[in-house]
Amino acid sequence: MTILVTGGAGYIGSHTCVELLNNGYKLVVLDKLINSKLESINRVKKITGKDFIFEHIDLLDKKALERIFSDHKIDAVVHFAGLKAVGESVIKPLDYYRNNVTGTIVLCEVMQQFDVKNLVVSSSATVYGTAKQMPISEDAPLGVTNPYGRTKLMVEEILRDIYTSDNNWSIALLRYFNPFGAHKSGQIGEDPNGMPNNLTTYITQVGIGRLNEVRIFGNDYPTKDGTGIRDYIHIIDLAKGHLKALNNVLNSNGIEAYNLGTGRGYSVLEVIKTFEKTAGISIPYKVVGRRPGDVAVSYADPSKAKRELGWEAEKNLEEMCRDSWNWQKDNLYGYLNKK
Ligand code: NAD
Ligand code: UFG
């Protein structure tokens, strides 16, 4: 079976490629390398000892995409390619709609043209907006607060319309909670271009001294210690969720959304403390004001993925901290380091 992976050089994509290769899938990976480096592809090959084709193209380049589908017999697509910075999406909404929404439309047009109708897609817990009930299940009301979130919701709705028009499609919408951690080899991990946006990358970069201190966005939330609570999920568990979803998509028709989370929430302070203990270093921090648009608490009800995909997260917060630190301390400048 040959799988096209879009955005496969990125954080979640590279870890998923390792799982897919280790489970016998052949891959064609495409990436424009706008938030990633070619070195991640080399390391995926090194970790797995398997080769695959890498295409340095833009998903929006329809001709190039058609060439890929005509050169290879693609059985399914795992679609990660997208822009993901919430703040940037507010400043450059058109870039986000064009890349994330139009990119997905171009992909689906070409898939339809080549009669490939099996698709696993990156969605996000962001589609739940400010959820009223915890844990969040897939049938919770949807609502978004920024252009990035809206692209994810639009993509989900577009894909539902495609399925309604043609029941031969088989689509899994994977709503990720907060990915953290790295491959145990320390060879691949998260390496964002520029300033990190998320808490976990911020912590590891403070750990190595690239950044001075973590700013905690508010300690006056209605939570046990006043800081925001999220559902952190180990990147390897997340990658395995894609494998299970892909197996399911290849053996059924329909469109289903699945939460990929652990079902357990940790506060910002708990994450910092656990990281300090696991890595054996101190992480300076200071409390600043709330970040606009943040919710107090968000954690998943992951029972649907367990019931229907046979998947559940296995790794705990200590393992996420340990593996992230293992990656970051050996790759101070991410993939720019030689290793
Ligand atoms: P990432 O930025 O590390 O990876 C995305 C990859 O897509 C990058 O390698 C980038 O170069 C590539 N890309 C973007 N636009 C492209 C285009 N037009 N053509 C070709 N390649 C393109 O991000 P990630 O964390 O691995 O996220 C993967 C997906 O998961 C994204 O769709 C993101 O929105 C979604 N997601 C991420 C998180 C998170 O916290 N990391 C949470 C929820 C959802
Ligand atoms: N936080 C800080 N300081 C920071 C960064 C974050 O205190 O420097 C806090 C936030 O206020 C929040 C928690 O840490 O309470 C997690 O924040 P992240 O930015 O790491 O993650 P979010 O939950 O805000 O959002 C992330 C992605 C979204 C995605 C969502 C769910 O940025 O795109 O996870 O998957 F939708």
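1. Lys304 lies over the face of Tyr258, 4.9 Å from the ring centre. A charge sits over a ring if NZ of Lys or CZ of Arg is within 6 Å of the ring centre and within 35 degrees of the ring normal. Arg290 places its charged end over the ring of Tyr221, 4.0 Å from the centre.

2. On provenance: this is a predicted model, in which local features need pLDDT of at least 70 and side-chain atom pairs count only at pLDDT 80 or more, while totals for chains, interfaces and linings use all residues. Residues are numbered from 1 along each chain as its sequence is written, chains are lettered from A and ligands numbered from 1 in the order in which they are written, and side-chain values use heavy atoms, leaving out hydrogens and water.

3. There are five aromatic pairs in the structure (rings of Phe, Tyr and Trp, the last by its six-membered ring, with centres within 6.5 Å; planes under 30 degrees apart are stacked, over 60 edge-to-face, the rest tilted). Among them, Phe275 and Trp325 are edge-to-face, at 5.7 Å centre to centre and 80° between the planes. Because Phe275 belongs to helix 9 (residues 268-279) and Trp325 to helix 11 (residues 317-330), the pair ties together parts that are 50 residues apart in sequence. Helices here are DSSP runs of H or I with at least four residues, strands runs of E with at least two, numbered from the N terminus. Phe275 and Trp325 are both buried (under 20% relative accessible area; exposed is over 50%, partly exposed in between; 1.4 Å probe, protein chains only).

4. His72 is in the loop between helix 3 (62-71) and strand 4 (76-79). His72 is buried, at a relative accessible area of 18%.
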